[in-house]
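Here are my notes for you on this model. Please read them with the structure open.

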Amino acid sequence: MRAFAALFSETRMPRILLAPMEGLADSLLRGVLTAIGGYDWGICEFVRVSNSILPAKTYERICPELLTGGKTAAGTPMRVQLLGSDPHLMAENARRLVALRPAGIDLNFGCPAPTVNRHRGGAALLGEPELLHAIAASVRAVVPLDMPFTAKMRLGLDDASRAIDNAQALAAAGIDELIVHGRTKADGYRPPARWEWIGRVRAAVTVPLIANGEVWTVEDYRACQAATGCADIMIGRGAVADPLLARRARGEQVGEASNGWDEVVPGVAAYWLGVRRQVLPVHAGGRLKQWLAMLRRHYPPAEILYQRLRPIKAAADIDRLLVEAGVLAERPETVWPASGNAGATY
């Protein structure tokens, strides 16, 4: 009950945020999800900082929202996330990034991918609170106080024994808010998320805390708030699996037809058209199938569509099937040449 009391004492409405998802929520999908609505702000895929100060075009490639005022087409602010282990290089890259006027800057201490962790990035640093502090303090020194500055972390490497140390180190370095994913690096994405540990971290720091991890339904959303005491929730894969989740969590009455599939279909069409413009036809189908594979968790029509598309490889054949299924109103050839390469970026 204490958690609920804390929630109801908030004077503002709880915020719902879109999580960064490397290899899944690219700018196209971020655009679609924020157009469907319900998100206050989000974070793009991480920018890896290794041994140089990156050019502006690198940031703009990973976060094209920088070219439109730091917002998606729907107007949702999108922050840029930096990943690295060298305090000086992180700060100098943040200085470069500040000049591009992102909606905010976030630090990644949560990615569990072995390819990232082998190079001392993401969650691999969670055994070194002093280094986390040094990185965040160095970046804080170059980020203007009027620009949101956050960090996202997991609970630890193999266990949560240093979760509070890490959180306190980041808070002491001057971050504005802390996002905590309720798993360790070793947990990967295996359920459950340890929401109770997020609550312990929240009680130990003075900066506002945002909870993240294993929120797939409205029931999960409310349970996460209750278990963590956090009013604000960041949604990751649950947002991809149910694009209406944020609006459902806000109490909107959506899903009158096919659990809301009719409202999702235009987003599927927009995503496919965007993929066809940006990706070589031979690779386009995989992107759509990846999303449909997650959508079928909540939407039976998505399962049917996924099974029909699964054996099809040619983008032009997928075009035809999507028209037959009523997802597309017309063949994409009426929008660009039959080669599918018009407007593509490689």
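1. Terms and source. Two strands pair if DSSP finds at least two bridges between them. Helices (H or I, at least four residues) and strands (E, at least two) are DSSP runs, numbered from the N terminus. This is a predicted model: local features need pLDDT of at least 70, side-chain atom pairs count only at pLDDT 80 or more, and totals for chains, interfaces and linings use all residues. Residues are numbered from 1 along each chain as its sequence is written, and side-chain values use heavy atoms, with hydrogens and water left out.

2. The barrel. Eight strands form a closed barrel in the order E1-E2-E3-E4-E5-E6-E7-E8, with parallel pairing. From one strand to the next the twist averages 30 degrees. Helix H4 (residues 87-98) packs on the sheet and touches strand E3 (78-83) and strand E4 (105-109). The direction of H4 makes about 160 degrees with that of E3. Axes here are lines fitted to C-alpha atoms, for helices over the stretch in contact, and angles run from 0 to 180 degrees between N-to-C directions. Touching, or contact, means heavy atoms within 4.5 Å.

3. Strands E3 and E4. These two pair in the parallel sense over three bridges. Leu82 stands opposite Leu107 in E4. How many residues of E4 are buried? Five of the five are, so E4 is largely enclosed by the rest of the structure. Buried means under 20% relative accessible area, exposed over 50%, and partly exposed in between (1.4 Å probe, protein chains only). Ile105, Leu107 and Phe109 cover one side of E4, and Asp106 and Asn108 the other.

4. Strands E5 and E6. Strand E5 (residues 149-153) pairs with strand E6 (residues 177-181) in the parallel sense over four bridges. Lys152 stands opposite Ile179 in E6. In E6, too, five of the five residues are buried, so this strand is largely enclosed by the rest of the structure. Glu177, Ile179 and His181 point one way, while Leu178 and Val180 point the other way. In a regular strand the side chains alternate between the two faces of the sheet.

5. Gly182 sits in the loop between E6 and helix H8 (195-204). Gly182 counts as buried, at 0% relative accessibility. Leaving aside neighbours within four places in sequence, its contacts are Leu155, Ala193, Arg194, Ile198 and Asn212. Pro192 is in the loop between E6 and H8. Check the peptide bond from Pro191 to Pro192: it is cis, with omega near 5 degrees.

6. Positive phi values. Which residues other than glycine deserve a look here? Arg101 has phi near 55 degrees, a positive value. Arg101 lies in the loop between H4 and E4 and is partly exposed, with a relative accessible area of 45%. Glu214 is not a glycine either, yet has a positive phi of about 65 degrees. Glu214 is in the loop between strand E7 (209-212) and helix H9 (218-228). At 19% relative accessibility, Glu214 counts as buried.

7. Thr34. This residue is in helix H2. Thr34 is buried, with a relative accessible area of 5%. Its side chain reaches the backbone oxygen of Arg30 at 2.8 Å. Not counting residues up to four places away in sequence, Thr34 touches Leu18, Thr72, Ala74, Thr76 and Met78.

8. Helix H12. The buried residues of H12 include Trp261, Val264, Val268, Tyr271, Trp272 and Val275. The buried residues of H12 pack against helix H2 (27-36), helix H13 (281-295), helix H14 (300-309) and helix H15 (315-324).

9. Helices H13 and H14. H13 and H14 pack at an angle of about 145 degrees, with their axes 8 Å apart. Leu288, Lys289, Leu292, Ala293 and Leu295 in H13 meet Ala302, Leu305, Tyr306 and Leu309 in H14.

Terms used
A polar contact is a pair of N or O atoms within 3.5 Å; within protein, one must be able to donate a hydrogen and the other to accept it, and residues adjacent in sequence count only if both atoms are side-chain atoms.
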